[in-house]
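Have the sequence and the model open side by side as you read.

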Amino acid sequence: MTSRSFPGRHKAQQEEEDAAALKLGPEFNNAGCLLISEVKYLLENRDKDAPDTVVYNKALEYVKTFAKFNTTDSASAVREILRREPELTQFETAQIANLCPADAEEAKSIIPSLVKIEDDRLQALLDEIQAMRKFQT
Amino acid sequence: MFFIKELTHTIMLHPSYFGPRMQQYLESKLYSDVEGTCSGQFGFIIAVVSISDIGKGMVLSGNGQAEFVTRYRAIVFKPFKGEVVDGVVHNVTRMGIFAEVGPLNCFVSQQSNPPSYTSQDQVIENNTKIRIKIIGTRVDATEIFAIGTIKEDHLGVIE
(Lines give C-alpha, C1' and ligand atoms only; values in the text may rest on other atoms or scores of the structure.)
Protein backbone atom coordinates (compact mmCIF):
# COMPACT_ATOMS: atom_id res chain seq x y z
CA MET A 1 0.00 0.00 0.00
CA THR A 2 1.18 3.50 -0.73
CA SER A 3 1.13 6.12 1.95
CA ARG A 4 1.15 9.09 -0.36
CA SER A 5 -1.84 11.33 0.08
CA PHE A 6 -1.89 13.62 -2.91
CA PRO A 7 -5.23 14.33 -4.54
CA GLY A 8 -6.30 11.77 -7.10
CA ARG A 9 -4.57 9.06 -5.12
CA HIS A 10 -7.22 6.57 -6.04
CA LYS A 11 -6.42 6.90 -9.70
CA ALA A 12 -2.70 6.65 -9.02
CA GLN A 13 -3.26 3.41 -7.16
CA GLN A 14 -5.09 1.94 -10.08
CA GLU A 15 -2.25 2.72 -12.40
CA GLU A 16 0.22 1.12 -10.05
CA GLU A 17 -1.23 -2.38 -10.45
CA ASP A 18 1.68 -4.60 -11.33
CA ALA A 19 1.71 -8.35 -10.84
CA ALA A 20 5.49 -8.44 -11.16
CA ALA A 21 5.75 -6.48 -7.92
CA LEU A 22 2.69 -8.21 -6.37
CA LYS A 23 0.60 -5.05 -6.50
CA LEU A 24 -2.90 -6.19 -7.33
CA GLY A 25 -4.82 -3.10 -6.31
CA PRO A 26 -6.94 -2.57 -3.20
CA GLU A 27 -9.61 -5.13 -4.16
CA PHE A 28 -7.34 -8.06 -4.79
CA ASN A 29 -4.30 -7.69 -2.53
CA ASN A 30 -5.83 -9.99 0.05
CA ALA A 31 -8.22 -11.97 -2.12
CA GLY A 32 -7.99 -15.74 -2.30
CA CYS A 33 -6.33 -16.97 -5.49
CA LEU A 34 -7.57 -20.14 -7.17
CA LEU A 35 -5.53 -22.64 -9.15
CA ILE A 36 -6.85 -23.40 -12.63
CA SER A 37 -7.38 -26.99 -11.48
CA GLU A 38 -9.53 -25.80 -8.58
CA VAL A 39 -11.62 -23.61 -10.86
CA LYS A 40 -12.16 -26.62 -13.11
CA TYR A 41 -13.37 -28.66 -10.17
CA LEU A 42 -15.69 -25.89 -8.94
CA LEU A 43 -17.22 -25.32 -12.36
CA GLU A 44 -17.72 -28.99 -13.12
CA ASN A 45 -19.28 -29.79 -9.77
CA ARG A 46 -21.83 -27.03 -9.52
CA ASP A 47 -25.14 -28.08 -8.09
CA LYS A 48 -26.93 -25.52 -10.24
CA ASP A 49 -27.32 -25.67 -14.00
CA ALA A 50 -24.48 -24.10 -15.90
CA PRO A 51 -25.33 -20.57 -16.96
CA ASP A 52 -25.19 -20.20 -20.70
CA THR A 53 -22.99 -17.11 -20.88
CA VAL A 54 -20.07 -16.50 -23.20
CA VAL A 55 -17.81 -15.74 -20.23
CA TYR A 56 -18.74 -18.98 -18.47
CA ASN A 57 -18.29 -21.19 -21.52
CA LYS A 58 -14.96 -19.66 -22.46
CA ALA A 59 -13.69 -19.96 -18.91
CA LEU A 60 -14.76 -23.59 -18.74
CA GLU A 61 -13.04 -24.40 -22.01
CA TYR A 62 -9.92 -22.59 -20.83
CA VAL A 63 -9.66 -24.40 -17.51
CA LYS A 64 -10.20 -27.75 -19.21
CA THR A 65 -7.33 -26.98 -21.59
CA PHE A 66 -4.86 -25.70 -19.02
CA ALA A 67 -5.63 -27.53 -15.79
CA LYS A 68 -2.33 -29.13 -14.77
CA PHE A 69 -3.69 -31.37 -12.05
CA ASN A 70 -6.74 -33.42 -12.86
CA THR A 71 -7.85 -34.47 -9.40
CA THR A 72 -8.65 -32.45 -6.30
CA ASP A 73 -6.19 -34.61 -4.37
CA SER A 74 -3.24 -33.64 -6.53
CA ALA A 75 -4.29 -29.98 -6.51
CA SER A 76 -4.44 -29.88 -2.73
CA ALA A 77 -1.17 -31.82 -2.51
CA VAL A 78 0.49 -29.09 -4.57
CA ARG A 79 -0.90 -26.45 -2.25
CA GLU A 80 0.49 -28.47 0.64
CA ILE A 81 3.96 -28.56 -0.95
CA LEU A 82 3.94 -24.83 -1.60
CA ARG A 83 2.65 -24.03 1.86
CA ARG A 84 5.98 -25.23 3.27
CA GLU A 85 7.61 -22.11 1.87
CA PRO A 86 6.29 -19.37 4.14
CA GLU A 87 7.48 -16.51 1.96
CA LEU A 88 5.19 -17.39 -0.92
CA THR A 89 2.09 -15.23 -1.29
CA GLN A 90 -1.24 -16.56 -2.54
CA PHE A 91 -0.64 -15.07 -5.94
CA GLU A 92 2.79 -16.67 -6.30
CA THR A 93 1.50 -20.04 -5.13
CA ALA A 94 -1.22 -20.00 -7.77
CA GLN A 95 1.14 -18.80 -10.49
CA ILE A 96 3.66 -21.58 -9.78
CA ALA A 97 0.92 -24.22 -9.79
CA ASN A 98 -0.72 -22.83 -12.93
CA LEU A 99 2.42 -22.41 -15.00
CA CYS A 100 4.51 -25.29 -13.60
CA PRO A 101 7.96 -23.91 -14.46
CA ALA A 102 10.61 -26.60 -14.78
CA ASP A 103 13.54 -24.88 -13.09
CA ALA A 104 14.22 -22.00 -10.74
CA GLU A 105 15.58 -19.77 -13.47
CA GLU A 106 12.41 -20.14 -15.55
CA ALA A 107 10.24 -19.59 -12.47
CA LYS A 108 12.01 -16.34 -11.59
CA SER A 109 11.74 -15.13 -15.15
CA ILE A 110 7.97 -15.64 -15.46
CA ILE A 111 7.17 -14.74 -11.83
CA PRO A 112 9.70 -11.96 -11.04
CA SER A 113 8.67 -11.55 -7.41
CA LEU A 114 10.21 -14.96 -6.64
CA VAL A 115 13.70 -13.42 -6.50
CA LYS A 116 13.34 -13.36 -2.70
CA ILE A 117 13.64 -17.16 -2.60
CA GLU A 118 16.97 -18.94 -3.02
CA ASP A 119 17.45 -20.99 -6.15
CA ASP A 120 18.02 -24.36 -4.52
CA ARG A 121 15.01 -24.07 -2.21
CA LEU A 122 12.80 -23.05 -5.10
CA GLN A 123 14.23 -25.81 -7.26
CA ALA A 124 13.38 -28.43 -4.64
CA LEU A 125 9.76 -27.27 -4.60
CA LEU A 126 9.52 -27.26 -8.40
CA ASP A 127 11.05 -30.75 -8.65
CA GLU A 128 8.49 -32.04 -6.21
CA ILE A 129 5.63 -30.50 -8.21
CA GLN A 130 6.97 -31.93 -11.46
CA ALA A 131 7.11 -35.37 -9.86
CA MET A 132 3.53 -34.94 -8.65
CA ARG A 133 2.40 -34.07 -12.15
CA LYS A 134 4.14 -37.07 -13.63
CA PHE A 135 2.66 -39.58 -11.23
CA GLN A 136 -0.89 -38.33 -10.90
CA THR A 137 -3.48 -40.73 -12.22
CA MET B 1 -5.58 -15.02 -12.34
CA PHE B 2 -8.70 -16.62 -10.92
CA PHE B 3 -9.85 -15.45 -7.52
CA ILE B 4 -12.61 -16.34 -5.12
CA LYS B 5 -14.11 -13.15 -3.86
CA GLU B 6 -16.97 -11.93 -1.71
CA LEU B 7 -19.08 -9.42 -3.61
CA THR B 8 -22.36 -7.60 -3.12
CA HIS B 9 -25.20 -7.00 -5.51
CA THR B 10 -28.30 -4.89 -4.99
CA ILE B 11 -31.58 -6.28 -6.30
CA MET B 12 -34.70 -4.15 -6.61
CA LEU B 13 -37.78 -6.32 -6.25
CA HIS B 14 -41.21 -5.34 -7.51
CA PRO B 15 -44.06 -5.88 -5.01
CA SER B 16 -45.74 -8.41 -7.29
CA TYR B 17 -42.96 -10.87 -6.35
CA PHE B 18 -43.50 -10.56 -2.60
CA GLY B 19 -44.74 -13.94 -1.47
CA PRO B 20 -43.77 -17.52 -0.74
CA ARG B 21 -41.44 -17.99 -3.71
CA MET B 22 -39.60 -14.73 -3.19
CA GLN B 23 -36.39 -16.36 -1.95
CA GLN B 24 -36.04 -18.57 -5.03
CA TYR B 25 -36.82 -15.67 -7.28
CA LEU B 26 -34.14 -13.55 -5.61
CA GLU B 27 -31.56 -16.31 -5.99
CA SER B 28 -32.22 -16.91 -9.65
CA LYS B 29 -32.26 -13.16 -10.24
CA LEU B 30 -28.85 -12.87 -8.59
CA TYR B 31 -27.44 -15.66 -10.75
CA SER B 32 -28.77 -14.20 -13.97
CA ASP B 33 -27.77 -10.65 -13.06
CA VAL B 34 -24.13 -11.17 -12.17
CA GLU B 35 -22.83 -14.32 -13.88
CA GLY B 36 -21.03 -13.52 -17.08
CA THR B 37 -20.68 -9.82 -16.37
CA CYS B 38 -17.46 -7.88 -16.38
CA SER B 39 -16.30 -4.74 -14.61
CA GLY B 40 -13.00 -2.96 -14.44
CA GLN B 41 -12.91 -3.23 -10.68
CA PHE B 42 -13.50 -6.96 -10.29
CA GLY B 43 -12.86 -8.40 -13.73
CA PHE B 44 -15.03 -11.15 -15.18
CA ILE B 45 -17.54 -12.73 -12.80
CA ILE B 46 -17.57 -16.32 -14.03
CA ALA B 47 -19.80 -18.15 -11.60
CA VAL B 48 -21.45 -17.64 -8.21
CA VAL B 49 -20.21 -20.27 -5.76
CA SER B 50 -22.48 -19.56 -2.81
CA ILE B 51 -24.83 -16.93 -1.48
CA SER B 52 -23.79 -15.86 2.00
CA ASP B 53 -26.63 -13.44 2.71
CA ILE B 54 -29.66 -12.68 0.60
CA GLY B 55 -30.32 -9.41 2.45
CA LYS B 56 -33.13 -8.17 4.63
CA GLY B 57 -35.18 -6.40 2.05
CA MET B 58 -36.02 -2.77 2.65
CA VAL B 59 -39.15 -1.30 1.13
CA LEU B 60 -38.28 2.03 -0.37
CA SER B 61 -40.57 4.90 0.37
CA GLY B 62 -42.10 6.40 -2.73
CA ASN B 63 -42.23 3.46 -5.12
CA GLY B 64 -42.97 0.34 -3.08
CA GLN B 65 -40.07 -1.71 -4.41
CA ALA B 66 -37.91 -3.63 -1.98
CA GLU B 67 -34.17 -3.34 -2.04
CA PHE B 68 -32.13 -6.43 -1.21
CA VAL B 69 -28.39 -6.10 -0.71
CA THR B 70 -27.13 -9.63 -1.31
CA ARG B 71 -23.66 -10.89 -0.44
CA TYR B 72 -22.27 -13.80 -2.39
CA ARG B 73 -19.00 -15.52 -3.19
CA ALA B 74 -17.98 -15.85 -6.80
CA ILE B 75 -15.16 -17.03 -9.02
CA VAL B 76 -13.75 -14.00 -10.76
CA PHE B 77 -11.03 -13.70 -13.37
CA LYS B 78 -8.94 -10.57 -13.50
CA PRO B 79 -5.81 -10.01 -15.57
CA PHE B 80 -2.96 -7.94 -14.17
CA LYS B 81 -0.15 -6.10 -15.84
CA GLY B 82 3.05 -8.12 -15.54
CA GLU B 83 1.24 -11.42 -15.08
CA VAL B 84 2.26 -14.42 -17.21
CA VAL B 85 -0.66 -16.47 -18.57
CA ASP B 86 -1.25 -19.32 -21.00
CA GLY B 87 -3.64 -18.77 -23.89
CA VAL B 88 -4.90 -20.24 -27.13
CA VAL B 89 -4.32 -18.43 -30.43
CA HIS B 90 -7.51 -17.83 -32.36
CA ASN B 91 -6.42 -15.43 -35.06
CA VAL B 92 -3.15 -14.51 -36.71
CA THR B 93 -2.99 -11.31 -38.76
CA ARG B 94 -0.29 -9.15 -40.24
CA MET B 95 -0.62 -6.83 -37.23
CA GLY B 96 -0.08 -9.54 -34.65
CA ILE B 97 -1.71 -12.45 -32.88
CA PHE B 98 -5.05 -12.57 -31.06
CA ALA B 99 -5.18 -15.06 -28.24
CA GLU B 100 -7.91 -16.09 -25.83
CA VAL B 101 -7.12 -16.44 -22.16
CA GLY B 102 -10.42 -17.76 -20.92
CA PRO B 103 -12.93 -14.93 -21.34
CA LEU B 104 -10.14 -12.42 -21.94
CA ASN B 105 -9.01 -11.41 -25.41
CA CYS B 106 -5.34 -10.63 -25.65
CA PHE B 107 -3.49 -9.04 -28.54
CA VAL B 108 0.20 -9.68 -29.11
CA SER B 109 1.56 -7.10 -31.50
CA GLN B 110 3.95 -7.88 -34.31
CA GLN B 111 6.29 -5.34 -32.71
CA SER B 112 6.50 -7.32 -29.50
CA ASN B 113 7.15 -10.57 -31.33
CA PRO B 114 10.26 -12.21 -32.53
CA PRO B 115 10.48 -11.25 -36.22
CA SER B 116 8.74 -14.38 -37.49
CA TYR B 117 5.89 -16.60 -36.33
CA THR B 118 7.66 -19.63 -37.72
CA SER B 119 10.99 -21.14 -36.70
CA GLN B 120 12.48 -24.54 -37.48
CA ASP B 121 10.41 -26.39 -34.93
CA GLN B 122 7.72 -23.97 -33.76
CA VAL B 123 4.80 -22.52 -35.69
CA ILE B 124 2.20 -20.09 -34.34
CA GLU B 125 -1.15 -20.66 -35.99
CA ASN B 126 -4.76 -21.00 -34.87
CA ASN B 127 -5.20 -23.15 -31.75
CA THR B 128 -1.52 -23.00 -30.84
CA LYS B 129 -1.04 -22.69 -27.10
CA ILE B 130 1.19 -19.80 -26.17
CA ARG B 131 2.53 -18.32 -22.97
CA ILE B 132 2.06 -14.55 -22.84
CA LYS B 133 3.14 -11.80 -20.48
CA ILE B 134 0.43 -9.16 -20.10
CA ILE B 135 1.87 -5.68 -20.55
CA GLY B 136 -1.32 -3.67 -20.32
CA THR B 137 -5.10 -3.89 -19.98
CA ARG B 138 -7.90 -1.73 -21.25
CA VAL B 139 -11.26 -1.73 -19.54
CA ASP B 140 -14.47 -1.24 -21.47
CA ALA B 141 -18.00 -1.08 -20.07
CA THR B 142 -18.56 -4.77 -20.75
CA GLU B 143 -15.15 -6.19 -21.56
CA ILE B 144 -11.50 -6.20 -20.60
CA PHE B 145 -8.92 -6.29 -23.33
CA ALA B 146 -5.25 -7.05 -22.81
CA ILE B 147 -2.03 -6.44 -24.71
CA GLY B 148 0.71 -9.00 -24.31
CA THR B 149 4.19 -9.85 -25.41
CA ILE B 150 6.03 -13.08 -26.16
CA LYS B 151 9.41 -11.46 -26.67
CA GLU B 152 11.08 -12.63 -23.48
CA ASP B 153 12.72 -15.76 -22.19
CA HIS B 154 10.37 -18.66 -21.47
CA LEU B 155 7.44 -17.08 -23.31
CA GLY B 156 5.94 -18.17 -26.62
CA VAL B 157 4.76 -21.54 -27.89
CA ILE B 158 4.19 -24.21 -25.26
CA GLU B 159 3.78 -27.89 -25.92
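How many residues of domain 1 of chain B are in contact with residues of domain 2 of chain B? This is a predicted model, and in it 5 residues of domain 1 of chain B are in contact with 7 residues of domain 2 of chain B. On the domain 1 side of that contact, 3 residues are nonpolar, 2 are polar and none is charged. As for the bounds, the assignment for chain B puts domain 1 at 2-77 and domain 2 at 84-157. Taken over C-alpha atoms, the centres of these two domains of chain B are 35 Å apart.

Most residues other than glycine have a negative phi.

| Residue | Phi |
|---|---|
| Cys100(A) | near 45° |
| Asn127(B) | near 75° |

Cys100(A) counts as partly exposed because it has 17 C-beta neighbours inside 10 Å.

Last stop: Glu61(A), which you'll find in helix 3 (residues 54-66) of chain A. Glu61(A) has 14 C-beta neighbours inside 10 Å and therefore counts as partly exposed. Between Glu61(A) and Glu38(A) there are 23 residues of sequence separation and 14 Å in space, C-alpha to C-alpha.

Key
Residues numbered from 1 in each chain as written. Chains lettered and ligands numbered in written order. Predicted model: local features only at pLDDT ≥ 70, side-chain atom pairs only at ≥ 80, totals over all residues. Buried ≥ 20, exposed ≤ 12 C-beta atoms within 10 Å, placed from the backbone. Helix = DSSP H or I, 4+ residues; strand = E, 2+ residues; numbered from the N terminus. Domains from an automatic or database assignment. Contact = placed C-beta atoms within 7 Å. Nonpolar A, V, L, I, M, F, W, Y, C, P; charged D, E, K, R; others polar.
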